[in-house]
Amino acid sequence: MDEIDRALIFATQGGLPLEPRPYAAIAERVGISEQDVMARLQAMLADGVIRRIGAVPNHYAIGWTANGMTVWDVDDALVDTLGEQVGGLAFVTHCYRRPRALPAWPYNLFAMVHGASREECAVKAEEIRRLLGTACRTSDILYSTKILKKTGLRIGR
Amino acid sequence: MPELDDLDRRIIACMQGDFPVCETPYAEVAVQLGIAEDELIGRLRALLERKVLTRFGPMYQVERMGGAFVLAALAVPEVDFESVCARVNAFPEVAHNYRREHVLNMWFVLATETQDGIAEAIAGIERATGLPVYAFPKEREYFVEMKLEVRQ
């Protein structure tokens, strides 16, 4: 990461220009060549600095109106093995281990599920519950009711 | 929900994949979709304006740049929800924010360029809202891939 990469991130974090040669447009803003922009983006993709280049849909707008953050209190000795398995379920879009915040928050495994209805999310959560079995002590589903903000990363200049 | 036609659905599906890095990437994707380049660009612009797509571009992984992403939550009293929301969203470090049904009713992701930035942002949000921030940094990532087909 150098100053040019930073300038490139700054120029693209709000989105790619919607014009036939978007990388040339970015190049003009950053003050490097179109070829350099493409080479640097390819390098950042290879390093994982960029996860992918693409679009993020508003999941409500495309029919996935129910979004449930399922949370589980899983035995610490088993959570990594089971977490990999939960993450491997086709319908789970994000799956992480996170710290508990006792006593208010006993859950250490988070798995996001989506559906056209809450019933559909609940069926998916039930499948996770079966997989976790007796290793899970307690669980909950937090449904989202509104997107309050969705801008993604914003770095300063 | 906004009306989407078959072409919109195909564009949304296609654009959740890997957008090409070449001189004329829209033209390349348009060929795959069997439409003209300017039609693809026009449709994308409309989908973004209608907020069917929330963003389109590179997804940066701040962790790979020395920064951090942290999921955090607040228990906001219902009567204060809107004012607290405005104060939280005013922080540029808040990348996204969802309302959820729980005592912890506001869940947001902090993205900062440095590890220290997280603690600063949390302290700033606590000062601005007068509420304690629950931070849930990820300890392990088992899976992430957010690609959803159009259901309607």
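Two residues are taken to be in contact when heavy atoms lie within 4.5 Å, and on that basis the contact between the chains takes 83 residues from chain A and 73 residues from chain B. The model is predicted, so local features need pLDDT of at least 70 and side-chain atom pairs count only at pLDDT 80 or more, while totals for chains, interfaces and linings use all residues. Residues are numbered from 1 along each chain as its sequence is written, chains are lettered from A and ligands numbered from 1 in the order in which they are written, and side-chain values use heavy atoms, with hydrogens and water left out.

Each chain can be approached through its domains, whose bounds come from an automatic or database domain assignment. In chain A the assignment gives domain 1 (3-47) and domain 2 (66-143), and the C-alpha centres of these two domains of chain A lie 38 Å apart. In chain B it gives domain 1 (7-49) and domain 2 (62-137), with 34 Å separating the centres of the two domains of chain B, taken over C-alpha atoms.

The size of an interface is often given as the accessible area lost when the parts come together. Here chain A and chain B bury about 7400 Å² between them, 59% of it on carbon and sulfur atoms, where buried area is the accessible area (1.4 Å probe) that two parts lose on being put together, summed over both.

Charged side chains also meet across this interface. A salt bridge is a side-chain nitrogen of Lys or Arg within 4 Å of a carboxyl oxygen of Asp or Glu; a search of the whole structure finds 22 of them over all chains, and the count between chain A and chain B is 7. One of the salt bridges joins the side chains of Arg51(A) and Glu141(B), at 3.9 Å from N to O. Another salt bridge links Glu101(B) with Arg118(A), the closest N and O atoms being 3.0 Å apart. This pair crosses between chains, from the loop between strand E3 (94-100) and strand E4 (106-112) of chain B, where Glu101(B) lies, to helix H5 (residues 118-132) of chain A, which holds Arg118(A); helices (H or I, at least four residues) and strands (E, at least two) are DSSP runs, numbered from the N terminus.

Strands can be followed both within chain A and from one chain to the other, two strands being paired if DSSP finds at least two bridges between them. Strand E1 (residues 50-57) of chain A and strand E1 (residues 53-60) of chain B run antiparallel and are joined by 6 bridges, with Gly54(A) standing opposite Gly57(B). Within chain A, strand E2 (residues 66-74) pairs with E5(A) in the antiparallel sense over 7 bridges, and Met69(A) stands opposite Leu142(A) in E5(A). E5(A) also pairs with E3(B), again in the antiparallel sense, over 5 bridges, and here Ile147(A) stands opposite Tyr98(B) in E3(B).

Two features of the backbone complete the tour. The peptide bond from Leu102(A) to Pro103(A) is cis, with omega near 0 degrees, and Pro103(A) lies in the loop between strand E3 (94-97) and strand E4 (109-115) of chain A. In chain B, Lys51(B) has a positive phi of about 65 degrees although it is not a glycine, and Lys51(B) is found in the loop between helix H3 (37-49) and E1 of chain B.
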